[in-house]
Amino acid sequence: MSQFSNHYSRRKFLITAGVSAASTIFLKGCLGNPPEPTANAGNSPSTVVPVANISPEQAPEVTKIKLGFIPIVESAPLIIAKEKGFFAKYGMSDVEVSKQANWASARDNVTIGSNGGGIDGGQWQMPMPHLMTEGIITGGKKVPMYVLAQLNTNGNGVAIANTHLGKGIGLDIKNAAEYIRSFSSTNGRKFKAAHTFPNVNQDFWIRYWFAAGGIDPDIDIDLIAVPPAETVQGMRNGTMDAFSTGDPWPYRIVADNIGYMACISNEIWPYHPEEYLAIRADWVDQNPKATKALLKGLMEAQQWCDKPENRAELITIVSGRNYFNIPKDVITPPYQGNYQMGDGKPAIQDFNKGPLYWKDPIGNVSYPYKSHDLWFLTESIRWGFHQGQIQDIAQAKALVDKVNREDIWREAAQEAGFTADIPTSTSRGVEKFFDGITFDPANPEAYLQSLTIKKV
């Protein structure tokens, strides 16, 4: 067991029935930096869960924390845990869920912390927590973070502008590779693709996809980071060709006839790790029982989110103006696992290929496998990211051990009684990608050697 099994002094607090009621208040999301104060959106869910009978030894030291989120499906468990009262059930009655303008704002806000008007943690693409811990993306200032849970799997894809209809750009782009490479000779510019933040999830998904088809994303195309709205406008006016994006953007792109889907991320890597809950290490170290209380609420929310009978209410809550702020019919198809791909591709109709939060067909989703952290850092080495700062696999493994606190997740799951769903290993084992490449976390060097397009 971790240090969280040790005895900590407890601060007095009062849990009443009003705790659940308080959790029904919608929070006003911030469109700037730092987050704005909260406000009542006037649209509460129909029911909340009752407060748990918390034993004194598990009572949280504090009831308040501020968590940032980005309005995409990955954030749903945080929103539901707040709105349905799962955080409050375990004594975390004052959780603030704060909308962030973009990933850079979230990074900046966690750097200053909630005491400085920022946030204590929240939703992250990987490996942002590891990079912040080392000061790599925080201007040299080290902001130690702990990865505490995975929020979801699936929910991403690669969109292509309509100008490329009929060119064979799908999951396997080997037959379209020459068309993409020679694009500049016929159009006066390289094929342009985008993602929302460099060197993290959506960058990795589109890089892997391009490279598997024989396209070097650092040489053959222009690959840049831009806000989603700017990318979509570029696809409308013909200046952007591809976009690595998360739900609900794939549906909107196809429904609005802006473009079509080459693939969804579940096709690239079935049940891949997606985004994570990570919190500043100093907050966790000071509030170990509050951290586990937060995780218990998150776990219950993830289980609630995965029940098909709850999806209609989930959609109603997250589509609200202070969360995703989109029409319900835009987010409904992804939550049903229905993806219209376009360009003559058959539609995908599979609940398990849409966003999942607690379990998927191959295991637990919420548990933060160390093997997945290692893949993200190994992929960073593959592409030559952060040279001189993440130099080799040994350093990557040491960083995973520093940042990944799966031990806290295990303790929280044990205390909450979710014992049947606790993985037996910190590794999910060998992972297989759509092109036949495998990643064995016991031998990441072999994975790097097997790749044709790389920077190492």
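User: In strand β9, which residue is the bridge partner of Ala161?

Analyst: This is a predicted model, in which local features need pLDDT of at least 70, side-chain atom pairs count only at pLDDT 80 or more, and totals for chains, interfaces and linings use all residues. Residues are numbered from 1 along each chain as its sequence is written, and side-chain values use heavy atoms, with hydrogens and water left out. Strand β5 (residues 156–161) runs antiparallel to β9, and 5 bridges join them; strands are DSSP runs (E, at least two residues) and helices are DSSP runs (H or I, at least four), numbered from the N terminus. The partner of Ala161 in β9 is Gly259.

User: Which strands are the edge strands of the open sheet?

Analyst: The sheet has 5 strands with mixed pairing, in the order β7-β6-β8-β5-β9, where two strands pair if DSSP finds at least two bridges between them. Each edge strand pairs on one side only; they are β7 (222–225) and β9 (259–264).

User: What angle does the direction of helix α9 make with that of β8?

Analyst: Helix α9 (residues 228–237) packs on the sheet and touches β5, β6 and β8, contact meaning heavy atoms within 4.5 Å. Angles run from 0 to 180 degrees between N-to-C directions, with axes fitted to C-alpha atoms, for helices over the stretch in contact. The angle between α9 and β8 is about 140°.

User: Is the crossing of α16 and α17 left-handed or right-handed?

Analyst: Helix α16 (residues 370–382) and helix α17 (residues 393–403) pack with their axes 9 Å apart, at an angle of about 140°. That angle makes α16 oblique to α17: under 35 degrees counts as roughly parallel, over 145 as roughly antiparallel, 65 to 115 as roughly perpendicular and the rest as oblique. A crossing is left-handed if the near helix is turned anticlockwise from the far one by less than a right angle, and right-handed if clockwise. The crossing of α16 and α17 is right-handed.

User: How many aromatic pairs does the structure hold, and why is the pair of Trp205 and Phe376 tilted?

Analyst: Rings of Phe, Tyr and Trp (its six-membered ring) pair if their centres lie within 6.5 Å; planes under 30 degrees apart count as stacked, over 60 as edge-to-face and the rest as tilted. The structure holds 24 aromatic pairs. The ring centres of Trp205 and Phe376 are 6.0 Å apart and their planes stand at 55°, so this pair is tilted.
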